[in-house]
Amino acid sequence: MDFIFSHYNYWITIFLMMVGFYIVISRGNLIKKIIGLNIFQVSAFLLYISIGAVQGGAAPIITEGVELYSNPLPHVLILTAIVVGVATTALALALVVRIKESYGTIEEDEIHEHDHSL
Amino acid sequence: MIDIVINIVLLAFLAITAIAIVRMTNLFAIIMLFGIFSFLSAGLFVVMDAVDVAFTEAAVGAGISTVLMIATIALTKVQKEKHTGKHRPWLPLAVVIITGATLVYGTLDIPAFGDPEAPAQKHVAPYYIKQSIPDTGVPNVVTAVLASYRGFDTLGEVVVVFTAGIAVLLLIGGKRTKQSAIKKEREKDDT
């Protein structure tokens, strides 16, 4: 039972990661694919923050009388990753807008058909 | 104890939201659910003491991402995901289950959640916590690492965001002749 509770975070994170992965490989709609990628990304953030968490620790802001802090390093890495993630999402969405203008659709199989009919 | 309960409940909510996103086909509803997903994860970051990450996720992940996605469905005028039923779900499902099982097998050796003696907690983190006030004078260790110890990494991040911004402007900024306008022009030439 203890083992389940101590690894519950990692398992749910892996479940979310696989849900995102499933959306990316099984759905043809490009906007939904991007949302799948974002879910995958958030689950990677959760994995890092879970590894950095310390039971009974405080947020890593130095205060008098507090001895135990959570690990600040994963927080820094994920802070950077969130901002870069939004930048790449914006780029992907801009590509979707352009694809819609050129092909008239954002469904993957219709884009393929369009390409092969040329 | 209470934060473990909140942790478990929020993670369960996240899993339910993710399943709802898979099953829905209305894009607007999917984007709203993704906003909820992002916000739940921000709450989870607070529970795990990552306050800086939490407010960045709430502002940038739940806020800006959602607005960008809504702008995209407004520009593309696509309301619903088409479900052709041509793809069989079994192959992706098998790939996902095998990958997930391998990853779960990998977690069996990971130290328990919140273990203060885990190797990740023993290496460089104590140095940053001990030295950030004498070195930089900033009490928030995350800020100290981000802006001082690892300032060049943050500069690199700014370069990435700048490049993405330029690429977006080149792709959809400025004036472009619409495909339909080009077609009309051609038809005019033909007649």
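Biologist: Where does Ala15(B) lie?

Modeller: Ala15(B) lies in helix α1 of chain B, and please keep in mind throughout that this is a predicted model.

Biologist: Why is Ala15(B) called buried?

Modeller: Buried means a relative accessible area under 20%, and Ala15(B) has a relative accessible area of 10%, so the residue counts as buried. Once its neighbours within four places in sequence are left aside, Ala15(B) is in contact with Phe15(A) and Leu16(A). Its C-alpha atom is separated by 19 Å from that of Val95(B), a residue 80 places away along the chain.

Biologist: Which residues form a nonpolar patch on the surface with Ile2(B)?

Modeller: The patch is formed by Met1(B), Ile2(B), Val5(B), Ile6(B), Val9(B), Phe13(B) and Ile16(B), which together have about 710 Å² of accessible area. In general, an α-helix has 3.6 residues a turn, so residues three or four places apart point the same way.

Biologist: How do you know that Lys32(A) is buried?

Modeller: Lys32(A), which is found in helix α2 (residues 30-52) of chain A, has a relative accessibility of 0%, and because the cut-off for buried is under 20%, the label applies. Apart from neighbours within four places in sequence, Lys32(A) is in contact with Ile23(A) and Arg27(A), and also with Ile21(B), Val22(B), Met24(B), Ile30(B) and Glu81(B).

Biologist: Why is His75(A) called buried, and which residues does His75(A) touch?

Modeller: His75(A), placed in helix α3 of chain A, has a relative accessibility of 1%, which is under 20%, and therefore counts as buried. Not counting residues up to four places away in sequence, His75(A) touches Ile49(A), Pro60(A), Ser70(A), Asp49(B), Ala50(B), Val53(B) and Val142(B). A polar atom of the His75(A) side chain also lies 3.5 Å from the backbone oxygen of Asn71(A).

Biologist: Val142(B) brings us to α7(B); which residues there are buried, and what covers them?

Modeller: In α7(B), the residues Val141(B), Val142(B), Ala144(B), Val145(B) and Leu146(B) are buried. Their cover includes α3 (72-103) of chain A, together with α3 (51-76), α6 and α8 (151-172) of chain B.

Biologist: What caps the N-terminal end of α7(B)?

Modeller: Asn140(B) does so, with a side-chain oxygen 3.1 Å from the backbone nitrogen of Val142(B).

Biologist: What makes Lys33(A) and Glu108(A) a salt bridge?

Modeller: The structure holds four salt bridges over all chains. For Lys33(A) and Glu108(A) the closest N and O atoms are 3.7 Å apart, and because the cut-off is within 4 Å, the pair qualifies. Lys33(A) lies in helix α2 and Glu108(A) in helix α4 (residues 108-117) of chain A, so the bridge ties together parts that are 75 residues apart in sequence. Lys33(A) is buried at 14%, whereas Glu108(A) is partly exposed at 30%.

Biologist: How do you know that Lys122(B) and Glu117(B) meet in a salt bridge?

Modeller: Their N to O distance is 3.8 Å, which is within 4 Å, so this pair also meets the definition. Here Glu117(B), at 57%, counts as exposed, while Lys122(B), at 48%, is partly exposed.

Biologist: Why is the aromatic pair of Tyr127(B) and Tyr149(B) called edge-to-face?

Modeller: By the rule for ring pairs, the count comes to five aromatic pairs over all chains. In the pair of Tyr127(B) and Tyr149(B), the centres are 6.5 Å apart and the planes make an angle of 65°, and because planes over 60 degrees apart count as edge-to-face, that name applies. The pair links distant parts of the chain, with Tyr127(B) in helix α6 (residues 125-136) and Tyr149(B) in helix α7 (residues 141-149) of chain B, 22 residues apart. Ring pairs also link Tyr127(B), Tyr128(B) and Tyr149(B) into a cluster.

Definitions and conventions:
Residues numbered from 1 in each chain as written. Chains lettered and ligands numbered in written order. Predicted model: local features only at pLDDT ≥ 70, side-chain atom pairs only at ≥ 80, totals over all residues. Heavy atoms only, no water. Patch = residues over 30% accessible without salt bridge, like charges linked within 9 Å, V, L, I, M, F, W, Y side chains within 5 Å. Areas by Shrake-Rupley, 256 points an atom, 1.4 Å probe, with all protein chains shown as cover. Salt bridge = Lys/Arg side-chain N within 4 Å of Asp/Glu carboxyl O. Phe/Tyr/Trp six-rings, centres within 6.5 Å; stacked < 30°, edge-to-face > 60°. Helix = DSSP H or I, 4+ residues; strand = E, 2+ residues; numbered from the N terminus. Buried < 20%, exposed > 50% of the residue type's maximum accessible area, 1.4 Å probe, protein only. Contact = heavy atoms within 4.5 Å. Polar contact = N/O pair within 3.5 Å; in protein donor to acceptor, adjacent residues only side chain to side chain.
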